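Please look through the model below before reading the numbered points. They start with the terms and then go through the helices and side-chain pairs.

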Amino acid sequence: MGMSENDKKKEYLRGYRDSVYQISRIQAEIDEVRELKASVPSCGTGKNRKSWKEDLSKRISQLSTMEDKLKAEKEKRVRLYIEIMQAVNLVSDSRERDVLFYKYIKGLTLWEISGKMGYSERSVQRLHGQALLHFKIKDVV
């Protein structure tokens, strides 16, 4: 059984938050490798130290690859933001646009959105459903 139209829209919209998460994840990995790289000269003795030095060049290579991956993910995030916001801005109801922005760009829960907008969580849930019906993207509708 295939995905419904709304599920496809949600998956597309979640792509932005997924990219934000990936950027954070890659940056954490880069930070870890840098920390390990800095500690290699002081770790181990004798044969063990030689092994650490040999691994240092591999770590530097990994760091460069991860930095390239981070740059690509940041570019993807910008592209997704522009695409998604262009599509969100085509939704005629400003409250529906707000729900889509807060949920899929800012990553807020419906409960958090209800607090921001001054509506009940049930009303925000209804607005979210309406917003998805009115949201249009290529290859989904």
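1. A residue is called buried when its relative accessible area is under 20%, exposed when that area is over 50%, and partly exposed in between, with a 1.4 Å probe and protein chains only. By this rule glutamate 73, at 13% relative accessibility, counts as buried.

2. The model is predicted: local features need pLDDT of at least 70, side-chain atom pairs count only at pLDDT 80 or more, and totals for chains, interfaces and linings use all residues. Residues are numbered from 1 along each chain as its sequence is written, and side-chain values use heavy atoms, with hydrogens and water left out.

3. Overall content. The protein has 5 helices and 0 strands, in the order α-α-α-α-α along the sequence. Helices (H or I, at least four residues) and strands (E, at least two) are DSSP runs, numbered from the N terminus. Of the 141 residues, 29% count as buried. The accessible surface (Shrake-Rupley method, 1.4 Å probe; for residues, only the protein chains shown count as cover) comes to about 9,300 Å², and 50% of this belongs to carbon and sulfur atoms.

4. Contacts. With contact taken as heavy atoms within 4.5 Å, residues 24 or more positions apart account for 66% of the contacts in the protein with a separation of 6 or more.

5. Glutamate 73 and its surroundings. Glutamate 73 lies in helix H2. Leaving aside residues up to four places away in sequence, glutamate 73 touches Ser19, Gln22, Ile23 and Ile26. Alanine 72 is also placed in helix H2, which covers residues 46–88. Alanine 72 counts as partly exposed because its relative accessibility is 43%.

6. Lysine 76 pairs with glutamate 73, the closest N and O atoms being 4.0 Å apart. Both lie in helix H2, 3 residues apart, about one turn of the helix. Lysine 76 is partly exposed at 36%. Glutamate 83 pairs with arginine 79 at 3.2 Å between the closest N and O atoms. Why are glutamate 83 and arginine 79 separated by about one helical turn? They are 4 residues apart in helix H2. An α-helix has 3.6 residues a turn, so residues three or four places apart point the same way. Relative accessible area is 29% for glutamate 83 and 42% for arginine 79, so both residues are partly exposed.

7. Surface patch. Val78, Tyr81 and Ile82 make a nonpolar surface patch of about 260 Å². Valine 78 is found in helix H2.

8. Helix H3. H3 (residues 94–105) has 12 residues and reaches 15 Å from its first C-alpha to its last, close to the 16 Å expected at 1.5 Å a residue; the expected span is 1.5 Å times one less than the number of residues. Glu96, Val99, Leu100, Tyr104 and Ile105 are buried in H3. At the start of H3, a side-chain oxygen of aspartate 93 comes within 2.7 Å of the backbone nitrogen of arginine 95. The side chains of aspartate 93 and arginine 95 also meet in a salt bridge of 3.1 Å, N to O. Just after H3, glycine 107 has a positive phi of about 75°.

Technical notes: A polar contact is a pair of N or O atoms within 3.5 Å; within protein, one must be able to donate a hydrogen and the other to accept it, and residues adjacent in sequence count only if both atoms are side-chain atoms. Patches are made of residues with over 30% relative accessible area and no salt bridge: like charges are joined within 9 Å, nonpolar side chains (Val, Leu, Ile, Met, Phe, Trp, Tyr) within 5 Å.
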